There are 2 protein chains.
Amino acid sequence: MKFEAVTIKDIAKALGLSTSTVSRALRDSYEISAETKQLVLECAEKLNYKPNPIALSLKEKRSRSIGVVVCEIANNFFSQIINGIESIAYDKGYNVIVAQSRESYEREVIDLQFLASRSVDGLIISLSTETTDLTHIKTLHDRGMPIVLIDRITDEIDTHKVITDSYKGVYEATEHLIKNGFKRIAAIGGSEFLSITNERLAGYHDALKANNLSFSKEYVQHCFYGGMVFSEVEEAMNKLLTLKRKPDAVITTSDKLTTGCLKTLKRRGLHVPNDIAIIGFSNSDIMELFDPPLTYIRQPAEEMGRDATELLLQLVESKRPIKEFEKRVLSPKLVIGSSSRKQ
Amino acid sequence: MKFEAVTIKDIAKALGLSTSTVSRALRDSYEISAETKQLVLECAEKLNYKPNPIALSLKEKRSRSIGVVVCEIANNFFSQIINGIESIAYDKGYNVIVAQSRESYEREVIDLQFLASRSVDGLIISLSTETTDLTHIKTLHDRGMPIVLIDRITDEIDTHKVITDSYKGVYEATEHLIKNGFKRIAAIGGSEFLSITNERLAGYHDALKANNLSFSKEYVQHCFYGGMVFSEVEEAMNKLLTLKRKPDAVITTSDKLTTGCLKTLKRRGLHVPNDIAIIGFSNSDIMELFDPPLTYIRQPAEEMGRDATELLLQLVESKRPIKEFEKRVLSPKLVIGSSSRKQ
DNA sequence: TTTATTTACGCAATCGATTCCGTATTTTAA
DNA sequence: TTAAAATACGGAATCGATTGCGTAAATAAA
């Protein structure tokens, strides 16, 4: 029992015109006289005519909507990105369809196929942790689908990208720890296949080197699901805590890893920062309420979403194919709490 | 430069059949011979045919998609709800289009119009804080659009509803405080126009009465934007703290209010729970990391989302109009921390 | 053998909007 | 006054898939 919307036919019938004339009048075609236009416009207004976007999509092969694939919505970082995407899309008259891969390659493939078949005009993608084979995205890209990669990117696809300078973020965080007197700094990262993991760990590595601290492999742990699975984090933490040369600080490279570590430490009755200091990535607004208030690396998530959307809509609305792509690198912010300073 | 998908026509051409035969063969119609079906199916497989959902939407006036309107995505409670919605919708082959009202009545109206015009098959709505006039929703509902209200509901619309028993949640929380020796318990709620605010405050009120504590109006503060605007919370808290008879505990009725209050207290250098105890609503997973670990009321958000979606799809897929509606009331959980017990 | 009934398929309309053509009428130019 | 050009509009195809209706051929019943 669906309601019947007013169509162009209703206007045509009401005015004794053809649908073509009405259509042209509404689009202000030069072929239509001023009086007829006036009549049609008034009638459309009166009947509260709204063009049917589905019919338009079918005809024009565009839908004025963009698809977004992220691993999870219920995550501050990504929900803030979506906020950013939505704000720009909304202004430009696009609507946003969000899909979650939940870190699964399989779901990412299905999601993208689904979005493509609903003829979204473009895609903003943050790769799932499981994704190593990129053919599903390459195929879309090759067929001309505008794509912007955000946060978790890949070199294999040549398109616009938006990231934060996580190398710098972690580099600064590591130096901050070193300046505060920590010497045995460990790191817990996400999947080794993720661009961001490696970049972040590189920042950690280089900061150690630059400060004449030795880099030790056993100080670097990986959690494949980036903290989505708590046991993973627990295990990584345990490995670090049972080392002969126990670390005095740890850096975590994602939101979930950060809170996972903190939980593990708390449950083990360890004190931050006296037993072990910590700096992690986070996009939560309530880190100051933690015990102790956390020092964290915050990414400009909303801005990333906005930038990605602007770049995407450039691609979508461009007349000629674009060959020159931009990699936009935003700066993270180190928010100083007291989890990184000996008490 | 959009890619051309394989259509039913391509199959027809390849096989020298008519499009109607192909269509019927794909839908396994009795009118088509087994051999032809076989041929068509094989060919469709080979060409990687995918039906065009937009064409289907136009024809069938349904889109196998549902619209969701919430005030904000970047909020644990709502993103968990969306998670729940998505999981069911995904299983049943529906896709989910999310829109944010950002607590604005105007945006809610626009969002709903937009979703309706994209012919979503149904809507899951959580009212914005500003919404007092419900004609935009009533209009859709009267025209037969299946609607499920979630969390922030209204009596004015007769349809399925999914809520948590926040009365009970707050009642229990209040009693918990009373049992722990608190006597001057205040409350900070959201907008007075919101169903949930009043229900929650009723729970507070009744628990006081039942325990022979006096109810005082000055102990109840309202924040119109439910904590979205921090200054609002600060002001409410300040009012409470400057009362002659200063409260020794406070209950906050939403996620944002809870964290807002905690921030205010922390910034003022007040200690929880010694200076003032607190129990608040929250759907965050990291309350145990707070200083002190928070006692909070947690709503089964994912389950709410799942339930709402199941109810909605019942409406959507029902042959006859449904006249009997269900109000599903789920139970919140009181998670005990140490913000509610004197030290 | 003739008629009735299946079987298996094609034609064309439909959904809503756009747009290429064609054309009657009016206006302008020759 | 007549031919050319501009104006203003309608008809019909199109996008992709579905479906009511019509029908030729094959089969079954009389």
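A:Glu86 and B:Arg107 are joined by a salt bridge in this predicted model, with 3.5 Å between the closest N and O atoms; the term denotes a side-chain nitrogen of Lys or Arg within 4 Å of a carboxyl oxygen of Asp or Glu. The elements of chain B that give two or more residues to the side touching chain A are helix H4 (53-60), helix H5 (76-91), strand S2 (95-100), helix H6 (105-117) and helix H11 (255-267). Helices (H or I, at least four residues) and strands (E, at least two) are DSSP runs, numbered from the N terminus.

| Interface item | Value |
|---|---|
| Residues in contact (heavy atoms within 4.5 Å) | 59 of chain B with 59 of chain A |
| Buried area (accessible area, 1.4 Å probe, lost on being put together, summed over both parts) | about 5,500 Å² |
| Share of buried area from carbon and sulfur atoms | 57% |
| Salt bridges | 4 |

Chain A itself contains 12 helices and 12 strands. Its C-alpha atoms fill a box of roughly 90 × 40 × 35 Å along the principal axes. Of the 343 residues in chain A, 55% are buried, that is, under 20% relative accessible area (1.4 Å probe, protein chains only). Of the contacts in chain A between residues at least 6 apart in sequence, 72% join residues at least 24 apart.

Residues are numbered from 1 along each chain as its sequence is written, and chains are lettered from A in the order in which they are written. In this predicted model, local features need pLDDT of at least 70, side-chain atom pairs count only at pLDDT 80 or more, and totals for chains, interfaces and linings use all residues, while side-chain values use heavy atoms, with hydrogens and water left out.

Conventions:
Buried area = accessible area lost by both parts, 1.4 Å probe. Buried < 20%, exposed > 50% of the residue type's maximum accessible area, 1.4 Å probe, protein only.
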